[in-house]
Amino acid sequence: MRSWEKIELVIATSWQPNESDFLRKLKIEPDGIGALFFRDAFACLFSDSINAKREFEQYYSVEYGTLKRYLDGRYGIVMGDDDLEKESIFLCTWLSSALDRHYDDSQFENVMKCIRDLESENESQT
Amino acid sequence: MRQLDQGFELFMNREDNLAKSTSLLARLAHEIKVKNAAGLFDINRIAEDFFVPILSILYDCPELKNQNAVAYNFPAVDLGCEAAKVSIQVTSDASSAKVEKTLRLFEEHKLNDRFDTVYVLVLTEKQGTYSSRKLKEQIAELPIAFEPDNHIIDYRDLAARLGALDSEKIKAVTEILINEFAKQDASLAFRKELENFLTVAQAKIEFEKKSKKYIPSIFIETSSAKEQVRFFAHPLFFYRKIREKLSKLKLTELNELLRLAKQNPIDELPDLATLSSDPTNLDKLAEALSSQTEALQALRSKIAPMSMDRGNAERYEPTEDADAYSRIWRHPVESRAYGFNRRLDDILELIDLGRQKILLLTGMAGQGKTNFVCDLVENMFRKFQIPSIFIPARELNGYQGQARIFDFIANNRYAPSVQNLHGLLNLFDEVARENGMPFIIVVDGINEVSDFSGFSQQINDFLSAIAQYDHIKAIITCRSEFFDQRYASMLQQDFSDQIFHVENLRSEMSERHKDRLIEAYFDYFKIALTLGKEASDFLRNDLLLLRIFCEIEEGAEQRFVPTIYKGDVFERFLIRKVGEFEDHLKAQVVPVLHKVVSEMIRLESFSSLSTSAFDSSEASIIERLISDDIILRSELPEASLATAGQQNISFTYDELRDFILAHYIVTDLADKAVDEVSSILAKLADLQVREGVFRYTYILARKHGKVDLVQLCETQPDFARHFVNNIELISPEMQNDADRDRVRDILSSQGSPHDVRAIAVFLFHRRVPTEFLNIDILINHINALDDDGCRQFFTTIFATRSWNWQNDWRREIGRIVSGYLERAEEHFPPKDKALLTFMLQISAYADWESLEPNRNRFTSLMAKADFQAQRDYLANACSSVIVDNAAEIWAFAA
């Protein structure tokens with residue numbers, strides 16, 4: 001079993017992750033070379049990450065009682081109510097090379113903005 | 001008299017009913033939580049059977065009805081009473097979003113025309129706070145009053161409301177709950193036994209809390225071991241996680257690479273999909289886990305030849321016609337196969353955990369094994385109602401004979417009436433089967449059973465008996481060195497293949513965890529102190545010191561603690577510990593500790609000492625100190641005929657041992673035998689303990705005014721080094737002119753750069769002007785240096801020795817001053833004038849990149865307020881660089 005899960009990034013969002021919307025918003029051709037990198041980014045953010053809210057509801061709510069206590073007790077993550085009430089909270093245990101902030105050409109900020117924009121689009125539709 | 005009796009009886013009935021109904025409400029909430037998490041929760045049945053009758057009494061709503069019965073798909077609220085104008089939404093979703101949605105629908109459908117009040121009843125557990133922006137906005141728009149604290153309720157609010165009702169109503173609610181649960185429990189033969197076991201386990205945990213062996217609030221969950229225990233202890237519930245992982249297991253990517261390499265793909269095992277069904281009881285689960293293991297292992301061995309870590313499997317050979325492709329794709333294939341098998345291994349481990357019967361936790365002392373298992377019993381077993389028994393192994397010392405574990409379990413008022421161990425285990429197995437959870441026996445700290453040899457056989461026999469039952473499991477904890485020497489035979493028994501051994505309980509604590517730990521300790525010990533950075537770093541990096549510090553500061557009111565003087569902490573801690581002994585023993589505690597250390601000195605053995613030289617009254621004090629586990633702990637003597645039956649001891653905390661050694665030297669030997677002290681210090685010369693013993697001997701000698709001993713220390717050849725290394729321990733009350741002279745000499749000397757730097761750093765952090773040793777000494781020293789002197793001094797204290805070391809000290813100065821200016825600009829005017837002066841001094845020597853910008857920033861600051869004293873002081877500096885820099889700053893500021 002993996003040792004203690006180190007959380008590299010926490011994303012609280014009400015956007016329902018969808019790879020094609022993600023690539024579209026980033027203006028990435030699905031069949032192009034860029035898609036390879038950004039699919040990896042999508043995977044580490046949403047597919048391989050821990051979907052904390054779902055995990056809490058399905059497995060940990062009995063022990064921890066509230067989502068807040070679960071995030072704090074198990075991961076040491078403290079979040080405000082506004083973030084806690086987002087549809088999903090993703091805990092990313094690794095970051096793809098496109099998101100590595102140590103590189104000058106890191107796409108981290110662009111990707112985060114893309115997620116925020118997709119969330120806003122989603123909210124305005126609902 | 002008769003009336004009084006009746007009144008008392010009524011009161012008792014009321015209290016009984018209240019306790020009963022509160023406990024049943026908690027059980028109801030618990031069962032809802034478990035069912036809800038497992039997706040098996042039927043909210044309608046619960047609402048109809050339990051909540052309509054109960055809430056109608058609690059909220060005085062005689063006509064409370066399910067609103068769906070009034071009108072199909074009734075919006076926003078589930079229950080309503082138009083007579084009382086009260087409506088209630090019953091939900092298992094505790095989120096702010098759910099409450100917000102309820103209120104929005106309530107408003108949209110104008111339900112305020114029918115109801116004056118709306119409650120949201122959270123069937124699981126409501127959040128601690130409801131302060132989200134959206135919810136606040138919705139509440140503001142609601143035409144009726146809604147206060148989250150009062151109108152969002154859960155079972156705890158119901159219990160509190162119940163307590164305010166009259167006896168008749170309490171009785172009515174109690175009867176509803178009893179009747180509903182009686183219907184539910186009708187098919188359960190062992191429900192009562194389960195409740196009894198849970199009660200006893202909790203009582204044991206409470207005892208561990210009282211003795212402070214388990215402090216729940218300071219338990220920081222840093223270990224993956226807890227996740228492992230979940231699969232071990234409640235496999236039927238957590239099995240869904242295994243199923244989920246199985247469903248994600250796809251060979252597509254590996255097969256795609258194999259296709260590119262022109263190799264045959266690996267067949268999906270048909271079993272994988274079919275194995276993903278949900279077992280409904282422990283017997284079916286055992287079957288499922290067994291066939292899954294078989295299928296996954298078969299799949300693993302198919303993939304192994306392609307994996308980088310193929311073990312004993314032969315590397316796969318490509319088909320002849322695909323050789324070139326295979327070479328190109330070989331690495332990606334092997335890498336992907338490796339990744340796939342790692343995922344298989346993860347799943348196989350979880351399955352293995354579900355199947356194993358014994359979880360063995362071994363680790364060094366102080367790793368938190370007791371806290372870990374107590375947390376499990378309290379926060380996992382109790383909440384899931386996993387039938388369990390908690391046995392602190394030290395309590396087995398009170399039982400004799402071959403059946404001490406059985407005797408221990410039988411010795412409580414809820415013990416089932418069975419004649420022997422197998423009778424008991426049969427019952428446990430039945431309870432487990434009925435509840436769908438294994439029966440878990442936790443034996444914590446088997447190293448604390450004094451009869452090592454006898455108990456080693458007993459625990460093996462006990463575990464062997466457990467292994468014969470399908471649904472009984474055990475968790476055993478033991479200090480690793482004791483396990484290796486005394487209990488290792490456990491790994492060579494007929495049940496050994498059913499042991500899951502966890503050897504590393506605690507992974508490295510992150511900085512965030514350390515902060516939380518300090519907060520949790522302060523919270524638990526009700527300490528309101530504010531720690532300075534130095535004090536905080538001290539405690540963050542020494543968990544034993546943190547525990548000791550918190551014990552002595554328990555209940556401390558708000559004050560600032562800039563630094564922690566360990567010597568003072570140890571002294572206060574020992575005084576406190578002595579105070580916990582009975583009056584007739586108090587005077588003996590310190591002499592016993594002195595005897596322990598004098599024996600250690602005599603034998604030149606500081607890590608393990610036999611207790612054979614101590615008489616019975618001394619031994620009883622030693623036992624008390626061992627049981628406390630902070631000052632002394634029990635150790636294993638070397639196994640030999642000569643040491644058979646003996647007990648060894650050591651100090652839990654090396655530095656506390658050094659302090660007690662020094663205390664012995666200063667208070668027992670200094671006056672009568674200074675020569676002996678001299679020979680002790682010589683004797684310790686090459687030993688690791690000398691550093692600590694010398695440190696505290698010097699500090700305590702000064703504190704107790706032992707002039708001869710102070711002189712002896714100061715004439716030791718290595719005194720200067722000790723002085724520098726331990727200057728932080730000289731508390732302000734002890735500091736004197738001689739210290740100040742010594743510090744000045746070190747700063748002025750051309751000697752060890754390490755010493756100069758250490759003293760400069762020490763002075764830099766001392767900002768209290770009334771103390772003998774403070775930053776002013778450093779500032780005065782700098783002001784007295786000429787340009788060459790400054791360059792040399794700053795090189796010594798700021799050089800970071802990186803690759804470009806020749807000028808790195810200037811860059812370091814630039815970095816430090818820039819950081820300072822940011823804070824000073826944010827919190828203007830800077831309160832700490834000494835620090836400001838120091839920064840102005842060093843800023844003159846910064847690298848060219850930061851020199852000018854920082855000078856401009858200083859100019860802006862100086863322009864805003866009068867810093868005449870600093871200006872005058874710097875004008876008198878011997879370094880022209882400092883003088884010119886300051887002159888320029890003030891010239892532009894003017």
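I started with chain A: its radius of gyration is 15 Å, which agrees with the value near 14 Å that a compact globule of 126 residues would have. (That radius is taken over C-alpha atoms, and the globule rule is 2.2 Å times the number of residues to the power 0.38.)

Before going on, I noted that this is a predicted model, where local features need pLDDT of at least 70, side-chain atom pairs count only at pLDDT 80 or more, and totals for chains, interfaces and linings use all residues. Residues are numbered from 1 along each chain as its sequence is written, chains are lettered from A and ligands numbered from 1 in the order written, and side-chain values use heavy atoms, with hydrogens and water left out.

Next I looked up the extent of chain A: its C-alpha trace spans about 45 × 40 × 25 Å along the principal axes.

Then I checked burial, and 50% of the 126 residues of chain A count as buried (under 20% relative accessible area, with a 1.4 Å probe and protein chains only).

On to cysteines: I found zero disulfides over all chains (a disulfide is a pair of cysteine sulfur atoms within 2.5 Å). For Cys92(A), the nearest cysteine sulfur belongs to Cys44(A), 6.0 Å away. Cys92(A) counts as buried because its relative accessibility is 0%. In chain B, Cys478(B) is in no disulfide either, and its nearest cysteine sulfur, in Cys374(B), is 16 Å away. Cys478(B) also has 0% relative accessibility, so it counts as buried.

Last, I looked at chain B, where the centres of domain 1 and domain 5, taken over C-alpha atoms, are 63 Å apart (the bounds come from an automatic or database domain assignment). In that assignment, domain 1 covers 14–187 and domain 5 covers 576–734.
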